[in-house]
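Q: I'm new to this one and would like to go through it step by step. Could you put it up so we can start with the aromatic rings?

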Amino acid sequence: MIRGLRGRRNAAVALRDPVAEGHRADRCDRLGRLAAYGGSAAMAPYVVIKVSWVVGSLLGLAPVGAGFGLAEWVVLNTVTIGMAVVGITLGLALARPWGMRLPGVPLLFCAWVGAGFLVSMLPYAVADSLLSEPDTSGSGTGSGSGGDSDPRMPGWEAALIQFGFIGMGLGLTLALPAYLRRRWPEAFTGRAGAPSPPGRAAVALGAAVGLVWLYWAAGGTAGLAHPDEARTTWRLLCGICGTWALVAASAVAHPRRERPGRLPRWLPTVLGWLGSGSLFAWSGWKLPFTLYVAIASPPDVVLPERLGLAITLHLCAVLAGGTMMWTLTRTPSRTTPAATPAA
């Protein structure tokens, strides 16, 4: 009799669950679309400001950033304009029906890189504004030597730039899971399998890079050529990137054990997605900047790290982040069997 009652209860739950899941999916979908529109709108002022910088510098009406010549300044800001336009387009693609028809690989790559940038920038921008040492260039020096930040920048421009990063970061954080769940629902079901040997190597490499960054964030000086340049904002960015590196390593490495009660697939997938994107995007951005400093030796730009070590860490981070994402997209999942009513 007890078994029969349990069977009827399981059958009733099975009937209710699809309806409840549908309501939850609808709410998440609406929230994701609103967040996508909001993120795109928040990034629009950033594009306007950057275009004014490029045009103004070419016409001699606006100053060039410290440590840059006119050509380097125009190229840097043109690249960031292109990145912002891609971010705005990505936000619209996550909300509009035509986004479901776009090719999956380039869309996922842009979303992965954009989310990787912004999940690190979001807490950094908030804490950086409180510490009053603005640096949104990606160099992490805290001295405004990267391009977006400059002592001559008006406060309202800095506020709009920070607002754009924060808004787009929040927008992508909420919109991406909703879009992915809508387009590839099977990726959020079942259980994640064990990573491949390249995935395990990427986990170890990413964790090692993250530990070095966390060591510097905690005040360590080994490996620094100019410890006095390791300002609070630089250590803050090291701490955020190091934390995301360890989150990614843990998310990719966690689903090794084959036992009931493991984490569902969507949790390590989302954390691994964001963490690996942070590794790849930030080091992919800082690597050419570090190479520029090593080759050109601009007198107004001094990085805290030893340049050879910094270049090595960024290369390792790019490799680890890319391999982690490759592992996440190719690791087979094990679907949790549905409960069957007892006789």
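Q: How many aromatic pairs does the count come to?
A: The count comes to 7 aromatic pairs, where rings of Phe, Tyr and Trp (its six-membered ring) pair if their centres lie within 6.5 Å, and planes under 30 degrees apart count as stacked, over 60 as edge-to-face and the rest as tilted. One of them joins Trp53 and Trp73, a stacked pair with 5.8 Å from centre to centre and 20° between the planes.

Q: Where do Trp53 and Trp73 lie?
A: Trp53 lies in helix H1 (residues 2–58) and Trp73 in helix H2 (residues 70–95), so the pair ties together parts that are 20 residues apart in sequence. Helices (H or I, at least four residues) and strands (E, at least two) are DSSP runs, numbered from the N terminus.

Q: And is Trp73 buried or exposed?
A: Trp73 counts as buried at 4% relative accessibility, and Trp53 is buried too, with a relative accessible area of 10%. Buried means under 20% relative accessible area, exposed over 50%, and partly exposed in between (1.4 Å probe, protein chains only).

Q: What about the rings of Trp216 and Trp234?
A: Their centres are 5.7 Å apart and their planes are at 35°, so the pair is tilted. Trp216 lies in helix H5 and Trp234 in helix H6, so this pair ties together parts that are 18 residues apart in sequence.

Q: Before I go on, what kind of model is this?
A: It is a predicted model, in which local features need pLDDT of at least 70, side-chain atom pairs count only at pLDDT 80 or more, and totals for chains, interfaces and linings use all residues. Residues are numbered from 1 along each chain as its sequence is written, and side-chain values use heavy atoms, with hydrogens and water left out.

Q: What does the chain average in pLDDT?
A: The chain averages a pLDDT of 77, and 75% of the residues score at least 70; pLDDT is the predictor's confidence in each residue, from 0 to 100.

Q: Switching topic, where does His254 lie?
A: His254 lies in the loop between helix H6 (232–253) and helix H7 (266–296), and His254 is partly exposed, with a relative accessible area of 29%.
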